[in-house]
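Me: Hi! I've got a new model open and would like to talk it through. Can we take it piece by piece?

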Amino acid sequence: MNKTKNLVSATLSEASCDKIQEMIKKIESELPFLIALSTADKRRIRPSGPRTAAFVDMALRGAQSFPKYLLSTFDVDEFEHDVLLMHRLKGLRASVASLLEKLDDTIYASSADALAEANEVYGYLKKASRFEGSLKAVVKEIGQRYARPSRRKNVADDE
């Protein structure tokens, strides 16, 4: 018995998939301001990590505490809005990233289960094809997964 066999014991109906797709569309409709940056745009924007977020938070506190030192055209409320959006989206991203990781791991495990089962079916059909000629074409087609590319003959061998 294969070690990976039966890592995942679950079912997912087509109706459930459709319902989940609709929920994803609903989530996207709640975030109409999301954008997709081009690679060039991403290169032009300075990267932001934990240190940048801390810097931004401190600058916001400074702007809120000492607005008289800022230009009158500087919109502290807009700055606060951008910082709140950044933090809220990062919180959502953590949840989505966790879900994506679980999806990836489940796909990986269910693929391993399916491959183990496919190998088992192939073995049964291969054995049965010795006695049942009508299986030979199916076994040959399934066996293409294990087919190795043929080596090209050396030109010197033909001479």
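Me: Which residues does Val83 touch, leaving out those up to four places away in sequence?
Reply: Bear in mind that this is a predicted model. Leaving out residues up to four places away in sequence, Val83 touches Val56, Asp57 and Leu60.

Me: Thanks! Where is Asp57 found?
Reply: Asp57 sits in helix α3.

Me: And how far apart are the C-alpha atoms of Asp57 and Val83?
Reply: They are separated by 7.3 Å, with the two residues 26 apart along the chain.

Me: What does Asp57 touch, again not counting residues up to four places away in sequence?
Reply: Val83, Met86 and His87.

Me: OK, cores next. Which residues make up the largest nonpolar core?
Reply: That core has 6 residues, namely Val56, Leu60, Ala63, Val76, Phe79 and Val83. Helices α3 (50-65) and α4 (76-129) are the elements that give two or more residues to this core.

Me: Let's look at Phe79. Which helix is the place of Phe79?
Reply: Phe79 belongs to helix α4. With residues up to four places away in sequence left out, Phe79 touches Val56, Ala59, Leu60, Ala63 and Phe74.

Me: How far is the C-alpha atom of Phe79 from that of Leu60?
Reply: The separation is 7.1 Å, for residues 19 apart along the chain.

Me: Zooming out, how many helices and strands does the chain have?
Reply: There are 6 helices and 0 strands. Read from the N terminus, the order is α-α-α-α-α-α.

Me: How much of the chain counts as buried?
Reply: Of its 159 residues, 11% do. The accessible surface comes to about 14,400 Å², and carbon and sulfur atoms hold 58% of that.

Me: What share of the contacts with a separation of 6 or more comes from residues 24 or more positions apart?
Reply: Such pairs account for 54% of them.

Me: How does the lining split by class?
Reply: The lining of the largest pocket has 26 nonpolar, 7 polar and 6 charged residues.

Notes:
Residues are numbered from 1 along each chain as its sequence is written. This is a predicted model: local features need pLDDT of at least 70, side-chain atom pairs count only at pLDDT 80 or more; totals for chains, interfaces and linings use all residues. Side-chain values use heavy atoms; hydrogens and water are left out. A nonpolar core is a set of buried Ala, Val, Leu, Ile, Met, Phe, Trp, Tyr and Cys residues joined through side-chain atoms within 4.5 Å. Buried means under 20% relative accessible area, exposed over 50%, partly exposed in between (1.4 Å probe, protein chains only). Helices (H or I, at least four residues) and strands (E, at least two) are DSSP runs, numbered from the N terminus. Contact means heavy atoms within 4.5 Å. Accessible areas come from the Shrake-Rupley method with a 1.4 Å probe; for residues, only the protein chains shown count as cover. Ala, Val, Leu, Ile, Met, Phe, Trp, Tyr, Cys and Pro count as nonpolar, Asp, Glu, Lys and Arg as charged, and the others, Gly among them, as polar.
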